[in-house]
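User: I'd like to go through this model and ask what stands behind each label. Can you take me through it?

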Amino acid sequence: MPHRVKGVVARAKGAPVSIETVVVPDPGPGEALVQVQACGVCHTDLHYREGGINDDFPFLLGHEAAGVVEAVGDGVTDVAPGDYVILNWRAVCGQCRSCRRGRPWYCFNTHNAKQRMTLEDGTELSPALGIGAFIEKTLVAAGQCTKVNPETPPTVGGLLGCGVMAGLGAAMNTGNVQRGDSVAVIGCGGVGNAAVAGAILAGATTVIGVDVDDRKLAWARDFGATHVVNSRGTDAVEAIRELTGGFGADVVIDAVGRPETYEQAFYARDLAGTVVLVGVPTPDMRIDLPLIDVFGRGGSLESSWYGDCLPSRDFPVLIDLYLQGRLDLDRFVSETIALDQVEAAFDKMHSGEVLRSVVVL
């Protein structure tokens, strides 16, 4: 029997979101119905509302979520009703060429629920990142549910569903930060500060936060940055070199995703160092680098998709570190809000007032 619940919908490009009644089907084969307990407000949701992802309006927003499985469809064995889960948008298929080569974090055929959630008039909704979690109950592919320790507050658990995992993974997975490394992170919002935390957790001894906002640099200090640089009035590349013995950082993470920040990252790394792009550029952006510099500086230029995470591997480990007091996920939660405050949360995000607003249901 379909469920009628309240959810946050973006009906048209750039228009304010609205609270709508959403019809959620019972789970079919391979699907799970999840009672959402909390969901972070991510910049990707704003991209959806602004039409920056695609034009498949109306969207059901929200994707950084944790909750409890209420029901499962036929053939589901990995999760069961009552399981506490974090939702993820990388439900690996196990069959594509990447999965078969032992690289499931690059899965090229991730899947979502086959049934569609709708408005009361039957209009099909496009769930953000195949999840749609600014809602009381959501329908997902069972593979999008990752069981974790139920002692975890949903306000922090859900953050691993996107932004915090992206930053942690950019340092720990893609950047492969090692003990004793020097790391610079350009852009100290939610993703960037997660990269700072990940670099510290991996054993980096010099971690440099770079931003144009002193408030965000103070956050970076809180997450363990040993140095901060306000690049509004200081040459970031020269500052990073000065703080690393004149050489540049072993790993530089661009959590902004603009041509100017990528160029800073490229030249702020040591010879044979690594650049990690985790900030998402827009389709019109271009970068122009001398090819001789690409060759001459060596190293690697990496893109980090979702922190190159494998949810079944990474979520439980990171939650254990949180429960042990070794990973401070609580610090990312700037405020908890209700469903009808998502539009205001977008404004706060845009002005840099918050690391994360989290909807509590």
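**Pockets, cores and strands**

Analyst: Let's start with the second largest pocket, which holds about 290 Å³ of space. This is a predicted model, so local features need pLDDT of at least 70 and side-chain atom pairs count only at pLDDT 80 or more, while totals for chains, interfaces and linings use all residues. Residues are numbered from 1 along each chain as its sequence is written, and side-chain values use heavy atoms, with hydrogens and water left out.

User: What makes something a pocket here, and how do you get a volume?

Analyst: On a 1 Å grid over the protein atoms alone, a pocket is an open set of points with protein on both sides within 12 Å along at least five of seven lines, whereas a cavity is a set where a 1.4 Å probe fits but cannot get out. Points are joined across faces, edges and corners, and the volume is the space filled by probe spheres set on them.

User: Which residues lie nearest the centre of the second largest pocket?

Analyst: D78, A142, G143, C145 and S312, out of 18 lining residues; to count as lining, a residue needs an atom within 4 Å of a point. β10 (145–147) and α10 each give two or more residues to that lining. Helices (H or I, at least four residues) and strands (E, at least two) are DSSP runs, numbered from the N terminus.

User: How many residues of each class line the largest pocket?

Analyst: There are 25 nonpolar, 18 polar and 7 charged. Ala, Val, Leu, Ile, Met, Phe, Trp, Tyr, Cys and Pro count as nonpolar, Asp, Glu, Lys and Arg as charged, and the others, Gly among them, as polar. The largest pocket has about 1,700 Å³ of space, and H43, A255, V256, G279 and V280 lie nearest its centre. The helix α1 gives the most to this lining, with 4 residues.

User: Why is A141 called buried?

Analyst: Buried means under 20% relative accessible area, exposed over 50%, and partly exposed in between (1.4 Å probe, protein chains only). A141 has 2% relative accessibility, so A141 counts as buried. A141 sits in strand β9 (residues 137–141). Beyond its neighbours within four places in sequence, A141 is in contact (heavy atoms within 4.5 Å) with G30, E31, H111, N112 and A113.

User: What makes β1 largely enclosed?

Analyst: Of the 8 residues of β1 (residues 3–10), 6 are buried, so the rest of the structure largely encloses this strand.

User: Which strands does β1 pair with?

Analyst: Pairing takes at least two DSSP bridges between strands. With β2 (residues 18–24), β1 has 7 bridges and runs antiparallel; V8 is bridged to I19 there. With β4, β1 has 2 bridges, again antiparallel, and A10 is bridged to F59. They belong to an open sheet of 5 strands, in the order β7-β2-β1-β4-β8, with mixed pairing.

User: Why are β7 and β8 called edge strands?

Analyst: β7 (118–119) and β8 (126–127) each pair on one side only. The partner of β8 is β4 (residues 59–60), parallel over 2 bridges, with L60 bridged to P127.

User: What makes a nonpolar core, and which residues of the largest one touch the most other members?

Analyst: A core is a set of buried Ala, Val, Leu, Ile, Met, Phe, Trp, Tyr and Cys residues joined through side-chain atoms within 4.5 Å. The largest has 48 residues, and L160, L168, I253 and L329 touch the most other members. Another core of 44 residues lies apart from it, including V17 and A65.
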